[in-house]
Amino acid sequence: MTEHITALSPDVLRHCCDPVALGFATTDELEPLEQLFGQERAVEAIRLAAGMRQRRFNLFVHGPEGSGRHSSVVGLLEEAAASRVVPADWVYVHNFEAPDRPHALRLPHGTGPKFRRAMAELVDDLAQSIPALFESEEYQSRRAAIEQEFGNRNESTFSGLARRARERGVAILRTPMGFALAPTEHGEVQKPEVIEKLPEAERDAIRENVAQTQTELSDFLESLPRIEKEHRAAIAALNAEMAQQVVDLNLTDLREEFAGITVLKAHLDAVRRDLIANAELFLKAGSQGSEGAFPIAQARVHDTPRFHRFAVNVMVSHAENATGAPVIFESLPTLANLTGRVEHMQQMGTLVTDVTLIRPGALHRANGGYLVLDARRLLTEPFAWDALKRCLETAEIRIIGAGDRLGLSTTTTLEPEPIPLDLRIVLVGDRYLHRLLEAHDPEFSQLFTVTAEFGSDMDRHAESMALLARQVAGVVKREGLRPVTADGVAALIEYASREAEDREKLSLELSRLWDVLREADHRAGQVGAATIDREHVEGAEAARLRRADRIAERMQEMIARGTIMIDTRGSVVGQVNGLTVASLGAARFGWPARITARVRLGAGQVVDIEREVKLGGPIHSKGVLILSGYLSTHYLPEMPLSLWASLVFEQSYGGVEGDSASVAELCALLSALAGVPLTQSLAVTGSINQQGEVQPVGGVNEKIEGFFDACTGQGLTGRQGVLIPRRNVDNLMLRADVVAAVAEGRFQIHAIDHVDQALELLTGLPAGKRGLGGEFEPGTVNANVEARLMDFAEARRDFGRSAETASEQRDDD
């Protein structure tokens, strides 16, 4: 028998935290810790990306869910943003030369809304003052003078023409069809039959006079459009002169208010020219605004679409007293939410748009600061990832809709001038997504050169426990929870070690820990307690498990009733209790599984039935091949392996993956070969290598507890227990009832290093070592195995000779 002590004492089954060693009574005595702890490497990377001013130092943050990635990143970015300058305002204004390409103007922060109000007031004021000006006595008299001037000019020209026609004996007659000419005699129009009777010379003179008059009349009529044009030009000049006066008067204060902003001077000049040229728009607005019982209330004409050409669309603005750069988190990173969009409105059955319908995106709001995005959501939104990369590459925000990208947009739209982009992008995702992007998107590594990885755990020592206690105090203060006693904090520390699956670690997936704390506070409130203690924390843990363990409870019920056949008493050849674990969302539980092995003479093949029916995963199949290698090299290494063996998980109807049952499978196989029964009171977990060494596995706590529950259901005898890899001892954070059962001698837990130790515990016989002669000690398990394999090899040899002799006889015949 092996001299190694395999039975574990109760004190190593759960790493308890001593409340006295924490050094406080309740968390009220602690200084709350709001900052992140245990993630120094990630914090260093985040601060590097936040402080770098050069392009392409964008950041990808990955780590386990619940580790505080989002909140920690935002907190660190806000800390860095506080020392940066406040970004400028950006506005879009109408482009009077190319209306479909609005101009983007950069203004000092806090100026955008002021300029928008000032332009709106300008339009509203002009809607009142321009109509009033054109109704003034000065304007009316000057226009009347122009009208009189051109009226007199036409009349005098026509009067001269009519006088000369009379002198020639020609009358100019007005008819519905226009002007007509007729010869006259003593002021009377001559009839055609009278003219026909006149001498030829007189008729020729009449025709000459009529033709000359016709020529002069044609010249006069041809001059009328030119004169009318001059008339209109004179009126337009008057209107422009008068409009210029009121426009310049109203623009004076606005120019003075924004005199220090160079980009506004050119825009205000363009506005001035357009206002003067389109003053009639305000005449219409003035006539409409005078209607109704409350004309002043109707004076907000800047809201009407035809005056949107003078509007200012503030895309992003920061208050004058603002400090630091913005930190924006966009929870829905669609293409429109990232780069902005151009909206449309319906008019007369068609879709139209203007500068006021340009909407900003998250890139506009975060410009000059930081933008945090969820990587998975970003990649699942059509065109969003490609648009973000394009903006980062060109360092500008260009608004292009999805319809334009696909070439499906047929409505009139705008092409706003791009806005320069200067910000840091932070993507938050997981490690798998990060590797996919690195492998399949060559642009990713060029644009996101900094990676921050959040760890899942940290070392458990006095300093880390003190920091966790202070962070508990921070959550209590921030959320208004009851103070937590030192005993309650100790229970939370033990829960964090259990979540880390390591007695010497603390889980940094703190969201689950805070959920337990909140539920413990609720339970404390239900019983009227002033503080949260261990009872409340452990009650919250138990309640969370109970809400999620319906399937585990049903599995244990089926084991107790014998539906799932698991023996926890007696001994059986070629049969052992393996252990498996399942994760269903937040619920994780273990249960035993019967593993059986059967052997016979063969050609050295070990059949994994799970693999044959395609229920076994590649790692499980690898484990079976490893134990086949152990058999081939450990027993009769100089002879061919002459057996056929089958291994199977009984009553397993789903997939089997992992190599954590390879020790149990090997023990079942060796039992079948040696003909030695295995106790069913012990369950086994652990993987094996080709030297027979037992390797650590995952889910060891759940596996032990699953077999303990099965044994409890069938009755504890004191001989039941679990064999685990010794390298898993540091992972033990078992339930209190399991620890108590071990302390009372009602359950056992053994730690093993080699498969021989498992054989000795399961069979009660020595495993056996090779002596100086190269043979195993007689009466040991290994000796029996090798003897059986020798029998198989000899039978195979004899069978081969018989087959060869029979073949020779057939040839002789």
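**Why these labels hold: helix, strand and salt bridges**

Me: How do you know that helix H23 has the end-to-end span that 1.5 Å a residue should give?
Reply: Helix H23 covers residues 618–634, so its 17 residues should span 24 Å, and the end C-alpha atoms sit 24 Å apart, which agrees. The expected figure is 1.5 Å times one less than the number of residues. As for the labels, helices (H or I, at least four residues) and strands (E, at least two) are DSSP runs, numbered from the N terminus.

Me: What are the ground rules here?
Reply: It's a predicted model, where local features need pLDDT of at least 70 and side-chain atom pairs count only at pLDDT 80 or more, while totals for chains, interfaces and linings use all residues. Numbering starts from 1 along each chain as its sequence is written, and side-chain values use heavy atoms, with hydrogens and water left out.

Me: What is the confidence like across the protein chain?
Reply: pLDDT, the predictor's confidence in each residue, goes from 0 to 100. The chain averages 87, and 95% of the residues score at least 70. Over residues 292–298, though, pLDDT is below 50, and that stretch has 6 contacts in the model beyond near neighbours in sequence. Contact means heavy atoms within 4.5 Å.

Me: Back to H23: which of its residues are buried, and what covers them?
Reply: Among the buried ones are His 620, Val 624, Ile 626, Leu 627, Tyr 630 and Leu 631. Their cover includes strand S24 (643–649), helix H24 (662–674) and helix H27 (755–763). Just after H23, Leu 636 takes a positive phi of about 45°.

Me: What makes the Glu 494 and Arg 14 contact a salt bridge?
Reply: The rule asks for a side-chain nitrogen of Lys or Arg within 4 Å of a carboxyl oxygen of Asp or Glu. This pair has N to O at 3.2 Å, and qualifies as a salt bridge. Glu 494 lies in helix H18 (residues 486–500) and Arg 14 in the segment before helix H1 (19–22), so the pair links distant parts of the chain, 480 residues apart. The structure holds 39 salt bridges.

Me: How do you know that Glu 479 and Arg 518 qualify too?
Reply: Their closest N and O atoms are 2.7 Å apart, which makes a salt bridge. The link runs from helix H17 (residues 462–479) to helix H19 (residues 510–526), 39 residues apart. Glu 479, at 34%, is partly exposed, and Arg 518 is partly exposed at 32%.

Me: What else does Arg 518 meet in a salt bridge?
Reply: Asp 515, at 2.8 Å from N to O. Both lie in helix H19, 3 residues apart, about one turn of the helix.

Me: What makes strand S1 a partner of strand S16?
Reply: Strands pair if DSSP finds at least two bridges between them. S1 and S16 (residues 424–429) have 4 and run parallel, with Phe 60 partnered to Leu 427. S17 (residues 450–453) also runs parallel to S1, with 4 bridges, and His 62 has Glu 453 as its bridge partner there.

Me: Which residues cover the two faces of S1?
Reply: Leu 59 and Val 61 are buried on one side, Phe 60 and His 62 on the other. In a regular strand the side chains alternate between the two faces of the sheet.

Technical notes: Buried means under 20% relative accessible area, exposed over 50%, partly exposed in between (1.4 Å probe, protein chains only).
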